[in-house]
Amino acid sequence: MKIEVEKDIELYKICVPVMEETVEKSLKFVKDVHNKVYSKNVPHMYEFRLDCLHKSELSIENVEKIFKCDCEKIITVRWNWEGGTWNNEKESVLGCLDILKRAIDFNVNYIDIEHKNLKGVKQGLRDYRDNVHSNTKIIVSYHNFMKTDDYSILKNIIEEEFRYGDIAKIATSVCENMDNCNIFKACSEYKHNIIAIGMGKLGKITRVHGPQFGSILTFCTVSKEKASAPGQLHIDDLFEIWERYYR
Ligand SMILES: O=C1C[C@@](O)(C(=O)O)C[C@@H](O)[C@@H]1O
């Protein structure tokens, strides 16, 4: 479905996280979503949360099967200190940076690395991407599951994210409506180069209208029970709202 609110606005993109324990289940999930097993609508792209893979699944040869999957994708290896399940045990089996660099070798659409993780890698991934002449875009992400920081702090984080990557991402918990205003402000100020999300029930408005303000995508779930973060809408609900709101 194409939704064009403004002449210059790009397609609104919906991304569904894939959080399976095995590569086989991940690929089957994407195939089932594409075949509308879980929902009436299908997303534009998928975020493969490779941190969710069981450690027995962690080999470059195995994760490469995901990089080859024929869909628009984000490859993410989310650490446990940022809300994911990656930990030192999994890291000892296969390094998260090795996974992300291999994904870059495969020209996946996006990789996502935490803003905090960059303390160790500095410019590493962007230089690597340029050196191997990959087209992968680098998302640098910041999550705050407790609150939404003051705009001046968010702005500093976003500016630093752009020092290391191509797309800035903030996903913060919305505690009051002014938080939503700050998230929309970030979408507008960094239009089409940012993913900005308000987590939690109060933040749902940003998940629905963030793309109109300039966020390049929004995350949805295809399950009534399972979501990768608080406040995600079911994909069918979002499509229904967009069709009504933007018709
Ligand atoms: O960073 C994000 C955003 C998210 O946390 C959300 O709030 O929808 C969902 C995560 O899967 C993703 O990596």
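Reader: Why is the pairing of Arg244 with Glu240 called a salt bridge?

Author: The closest N and O atoms of Arg244 and Glu240 are 2.7 Å apart. The term requires a side-chain nitrogen of Lys or Arg within 4 Å of a carboxyl oxygen of Asp or Glu, so the pair of Arg244 and Glu240 qualifies. This is a predicted model, in which local features need pLDDT of at least 70 and side-chain atom pairs count only at pLDDT 80 or more, while totals for chains, interfaces and linings use all residues. Residues are numbered from 1 along each chain as its sequence is written, and side-chain values use heavy atoms, with hydrogens and water left out.

Reader: What makes the separation of Arg244 and Glu240 about one helical turn?

Author: Both residues lie in helix 10 (residues 235–246), four residues apart, which means about one helical turn between them. Helices (H or I, at least four residues) and strands (E, at least two) are DSSP runs, numbered from the N terminus.

Reader: How many salt bridges does a search of the whole structure find, and what does the one between Glu89 and Lys55 tie together?

Author: The search finds 16 salt bridges. One of them pairs Glu89 with Lys55, at 2.5 Å from N to O. Glu89 lies in helix 3 (residues 88–93) and Lys55 in the loop between strand 2 (45–49) and helix 2 (60–67), so this pair ties together parts that are 34 residues apart in sequence. Glu89, at 44% relative accessibility, is partly exposed, and Lys55 has that class at 38%.

Reader: How do you know whether Arg78 and Glu114 are buried or exposed?

Author: Arg78 has a relative accessible area of 4% and is therefore buried. Glu114, at 1%, is buried as well. Their side chains meet in a salt bridge of 3.4 Å, N to O. It links distant parts of the chain: Arg78 is in the loop between strand 3 (73–76) and helix 3, and Glu114 is in strand 4 (residues 110–114), 36 residues away.

Reader: What makes helix 9 oblique to helix 10?

Author: The axes of helix 9 (residues 204–213) and helix 10 come within 10 Å and cross at roughly 50 degrees. Axes are lines fitted to C-alpha atoms, for helices over the stretch in contact, with angles from 0 to 180 degrees between N-to-C directions. Angles under 35 degrees are roughly parallel, over 145 roughly antiparallel, 65 to 115 roughly perpendicular, and the rest oblique; helix 9 is therefore oblique to helix 10.

Reader: Which residues of helix 9 and helix 10 meet?

Author: Arg207, Val208, His209, Pro211 and Gln212 in helix 9 meet Leu238, Ile241, Trp242, Tyr245 and Tyr246 in helix 10 (contact: heavy atoms within 4.5 Å).

Reader: Why is Gly165 called buried, and what is it in contact with?

Author: Gly165 has 3% relative accessibility and therefore counts as buried. This residue lies in the loop between helix 7 (151–164) and strand 6 (167–173). Leaving aside neighbours within four places in sequence, Gly165 is in contact with Arg126, Ile138 and Val140. The C-alpha atoms of Gly165 and Val140 are separated by 5.8 Å, although the residues are 25 apart along the chain.

Definitions and conventions: Buried < 20%, exposed > 50% of the residue type's maximum accessible area, 1.4 Å probe, protein only.
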